[in-house]
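Subject: Structure handover

Hello,

Here is the structure you are taking over. My notes on what was found in it follow below.

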Amino acid sequence: MSIFEIPGWKTGQFNNETYHYLSVKPASSDKKTFVFLHGFPTGALVFRKIVPPVMKEGNGVVVVELPGFGSSSHPKEVERYSPIAIADAVAGILAAEGIQKSIIIGHGWGASIGNRFALKYPQHADGLVQIGIPFMPPEAKALDVQGLNAMFKPLLGYDPLGIMPFMASDAAPKLVSDHLESFVRLMYDDSPSPARVQTFYDTGALEASLKADKKPPFPSWATEQEMQEIFEFVKRQDIDAILNYFRFGMSHFDKEDGDLPKRLSTPYLYIDCKADPMVPPQIVQAQFEHCDKITIKSFDKGTWVMEQEPADVVAAVKEWVSTALV
């Protein structure tokens, strides 16, 4: 059964946007409710292997299709992709569903939204799980991509945020759309790090790979049917709209960030994807300076760890809940 075939999907208006989301109540009062916030480009589909086992144990789930994706709004204005604005909408969804407490699980851009939710609405966040994207404290300024790349290139030999300028560019929507199979295969390529950096992560690498229509093999962990489902999902998306997350990250900032706490007090589990060249270990370790109750669980996998090792990811979350959230 596809995640989109699970009964309980609905649509509502929250913070001036239309949101499509799945809401399933917990089986009993002693069970938790997990809120899933996805990233780019596979939307809620990325949680297809971990939502069912979480539900199987009687837990409640809320899976949100973020703006730009699926049946949610596809706003053109970049500022409407603000993590805080989306966090406000998530708070509205939980209020509409009568959910007072939840555990937030975010991947990719969904991790940025999840931690802003935990900072702004700590009374509704019993715990925070971020997969692959570390916690970064709020600052009232845009992400300094150029500065971070300049800082890390002497240490790593490449720009860890090298894809950001291209993904935020005017050229990206057409180039991605015209070479969509290449794009999906490059996103999911699990080649060793040096090759992956040269075809995807370093500045200019992804753009050059798309222009050359490079199509690496399917990742070793995925079946042809699974990759076809991913490709068909991305094919249905509004590419220009979902690239707004990169545009916001490159050129905008949340003014409210200046008013949020600089430290995260919510219990926090970071799923460390050690094979992801975009997140150097220095950034992973820097989180300890900003988080009061942090646990790190490392996997020798890339950013799609919940697709590669779903049982182990679910087990890690379950163990953390039973020990850190008592």
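**The sheet**

Eight strands form an open sheet in the order β1-β2-β4-β3-β5-β6-β7-β8, and the pairing is mixed. The two edge strands are β1 (9-14) and β8 (294-299); each has a single partner strand, so one side of each is left without a neighbour in the sheet. Direction ignored, neighbouring strands of this sheet are turned by 20° against each other on average. Helices (H or I, at least four residues) and strands (E, at least two) are DSSP runs, numbered from the N terminus. Two strands pair if DSSP finds at least two bridges between them. For the angles, axes are lines fitted to C-alpha atoms, for helices over the stretch in contact, and angles run from 0 to 180 degrees between N-to-C directions.

Before the details, two notes on the source. This is a predicted model, in which local features need pLDDT of at least 70 and side-chain atom pairs count only at pLDDT 80 or more, while totals for chains, interfaces and linings use all residues. Residues are numbered from 1 along each chain as its sequence is written, and side-chain values use heavy atoms, with hydrogens and water left out.

**Strand pairs**

β1 and β2 (residues 17-24) run antiparallel and are joined by six bridges. Gly 12 has Tyr 19 in β2 as its bridge partner.

Strand β5 (residues 102-107) is mostly covered, with six of its six residues buried (under 20% relative accessible area; exposed is over 50%, partly exposed in between, with a 1.4 Å probe and protein chains only). Ser 102, Ile 104 and Gly 106 point one way from β5, and Ile 103, Ile 105 and His 107 point the other way. In a regular strand the side chains alternate between the two faces of the sheet.

β5 pairs with β3 in the parallel sense over four bridges, and Phe 36 has Ile 105 in β5 as its bridge partner. β5 also runs parallel to β6 (residues 125-131), with six bridges joining the two; here Ile 104 stands opposite Leu 128 in β6. Together with helix α3 (residues 109-120), β5 and β6 make a right-handed β-α-β unit (with the strands pointing away from the viewer, the path from the first strand over the helix to the second runs clockwise).

**Aromatic pairs**

The whole structure has 16 aromatic pairs (rings of Phe, Tyr and Trp, the last by its six-membered ring, with centres within 6.5 Å; planes under 30 degrees apart count as stacked, over 60 as edge-to-face and the rest as tilted). One of them is edge-to-face: the ring centres of Phe 40 and Phe 246 are 5.0 Å apart, with the planes at 85°. Phe 40 is in the loop between β3 (33-37) and α1 (51-56) and Phe 246 is in helix α12 (residues 244-251), so the pair ties together parts 206 residues apart in sequence. Phe 40 is buried at 10% relative accessibility, and Phe 246 is buried at 6%.

**Salt bridges**

There are 20 salt bridges in the structure (a side-chain nitrogen of Lys or Arg within 4 Å of a carboxyl oxygen of Asp or Glu). Lys 49 and Glu 307 form one of them, at 3.9 Å from N to O. Lys 49 lies in the loop between β3 and α1 and Glu 307 in helix α14 (residues 305-308), so this pair ties together parts 258 residues apart in sequence. Lys 49 is partly exposed at 22% relative accessibility, whereas Glu 307 is buried at 2%.

Regards
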